[in-house]
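Please walk through this protein model step by step. The tour starts with the whole chain and then stops at single elements and residues.

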Amino acid sequence: SSHLQWPNFRVASRWPTSWGALASPSFDYSPTASFSLRAFLPSQSTFSDPPANRPTSAVAMGNVPPSPLKDFGPNSLSRDGDFDANRFQIALHNWCEPYRWACSPPFLVGWYNEKRRETAQSAQLIKADEDCVGYALYSVPGFLDTVAQYYRKHHPETDYVDATTKEILNRLRMALPNDLVSEVYMNKVVNTDAGPQYYHVQTIGCVAGLDEHIEVSQLDDEGGWKKDLSDKLQQSRDQKMWGSDPATLRKIFGVNVHPVWGGWYGYRALVVLKNAKAPRMRRPEPLRFLDPPDAKRIITEFNLRHAECRWRDLEENNHNPRTRYTTSEFFYFTETDPRKRLRYLELRASELDTLEREGMKARSQAP
């Protein structure tokens, strides 16, 4: 199939509420300032363990710092006369970083809509001018501590990740310039990939040049591995969930992977700037960075053993552990029992309380 789809994923347009922060992440991340197709990559960044007494971020407890995003407007133009989408991406990426989020390269609404017309019978189109600028926002390793910080402060009863995301997006809405007429859409995982006011994030990542989309049709069939995989899928998929149609039970779904994070990231939001136009912005070529053996391995693991998360590694035995979820994140995000998720957040919130007290004591005793 040429459809850039996974059947249980869509982005719901919902207006969110407020907050956000990250304390004591497992490592620091600094975005690069260069702008190529991979401007969002940390190729010139450093990863290091933070000091043990690193204080809670200023945004954690409700202090909202001035936003450089307010400096932008429809007349913030680049040399070619378009909206300066690259400079805005840097500002938006830097705004997102304390929450352990990142920002995609800019894309045009028309690029996304064209791909949806090609692959999905015009489903899930973005209702904005074709030359409007958009961005995808996604979480990276370390985001679970942002969730724990939100839980520590507000104690939501359910939907801990969604509640945190809504708070961050509300802050973002307040930080964005009013005259760009911005719309912010939140990611919500549901049981189907169709419906009004929903947007297909794999397509967005592909047209923005953020990640590589792998389809089984792009790969050779040496040794008949495609049939073998379909046979295994048909035997292993629960008909109560997948239905009884043999074509569905045998279908090999495509997947997107990032050139740094692999599959260790998650789409969280779509930002469309309805008054920011860039008709001359150059559309990137689709990313192609995976070797065929790794692409086969990833698509096999994604379909056959999704919950084990081996498909998220770019290489089978050589993926940088600093660009994976932490051990806690792996178990939290693959855990389906909400009681265990809640218990983790209770324990982590207690740890963060202790770290904050120790940090305050150390600072008060410093000469």
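**A walk through the chain**

The protein chain has eleven helices and nine strands. Helices (H or I, at least four residues) and strands (E, at least two) are DSSP runs, numbered from the N terminus. This is a predicted model, in which local features need pLDDT of at least 70 and side-chain atom pairs count only at pLDDT 80 or more, while totals for chains, interfaces and linings use all residues. Residues are numbered from 1 along each chain as its sequence is written, and side-chain values use heavy atoms, with hydrogens and water left out.

Begin with the overall picture. The protein chain has 367 residues, and 51% of them count as buried. Buried means under 20% relative accessible area, exposed means over 50%, and partly exposed lies in between (1.4 Å probe, protein chains only). The chain exposes about 17400 Å². Carbon and sulfur atoms supply 49% of that area. Accessible areas come from the Shrake-Rupley method with a 1.4 Å probe; for residues, only the protein chains shown count as cover. Now take the contacts, meaning heavy atoms within 4.5 Å. Among contacts in the chain with a separation of 6 or more, 78% involve residues 24 or more positions apart.

Next come the strands. Strand β9 covers residues 266-277. Nine of its twelve residues are buried, so β9 is largely enclosed by the rest of the structure. β9 pairs with β4 in the antiparallel sense, over eight bridges. Two strands pair if DSSP finds at least two bridges between them. Within this pairing, cysteine 132 stands opposite lysine 277 in β9.

The loop between β8 (255-257) and β9 holds proline 259. Proline 259 is buried, with a relative accessible area of 16%. Leucine 210 is 49 residues from proline 259 along the chain, yet their C-alpha atoms are separated by 8.2 Å.

Aspartate 82 sits in the loop between β1 (10-12) and α1 (85-96). Is aspartate 82 buried or exposed? It is buried, with a relative accessible area of 3%. Leaving aside neighbours within four places in sequence, aspartate 82 is in contact with Ser76, Leu77, Lys277, Ala278, Pro279, Arg280 and Met281. Its side chain reaches the backbone nitrogen of arginine 280 at 2.8 Å. The side chain of aspartate 82 also reaches the backbone nitrogen of methionine 281, at 3.3 Å.

Histidine 213 is another buried residue, at 3% relative accessibility. Histidine 213 lies in strand β7 (residues 212-214). Which side chains does it touch through polar contacts? One is glutamate 215, joined to histidine 213 by a polar contact of 2.8 Å. Another is asparagine 256, at 2.5 Å. A polar contact is a pair of N or O atoms within 3.5 Å; within protein, one must be able to donate a hydrogen and the other to accept it, and residues adjacent in sequence count only if both atoms are side-chain atoms.

Turn to the helices. Helix α6 spans residues 225-236. At 1.5 Å a residue, its twelve residues should span 16 Å, and the end C-alpha atoms are 16 Å apart, which agrees. The expected span is 1.5 Å times one less than the number of residues. The buried residues of α6 are Trp225, Lys226, Leu229, Ser230 and Leu233. They cover an arc of only 135 degrees around the axis, which puts them on the same side of α6. The arc is that of the directions from the helix axis to the C-beta atoms. These buried residues pack against α8 (246-250) and α9 (292-304). On the other side of α6, Lys227 and Gln235 are exposed.

Helix α4 is mostly covered, with twelve of its 16 residues buried. Among them are Tyr160, Glu167, Arg171 and Ala175. The 16 residues should span 22 Å at 1.5 Å a residue; the end C-alpha atoms of α4 are 23 Å apart, which agrees.

The last stops are two loop residues. Aspartate 159 is in the loop between α3 (143-154) and α4 (160-175). Phi of aspartate 159 is near 50 degrees, a positive value in a residue other than glycine. Aspartate 159 counts as exposed, at 52% relative accessibility. Serine 122 lies in the loop between α2 (109-119) and β4 (132-139). Serine 122 has a positive phi of about 65 degrees, although it is not a glycine. At 35% relative accessibility, serine 122 counts as partly exposed.
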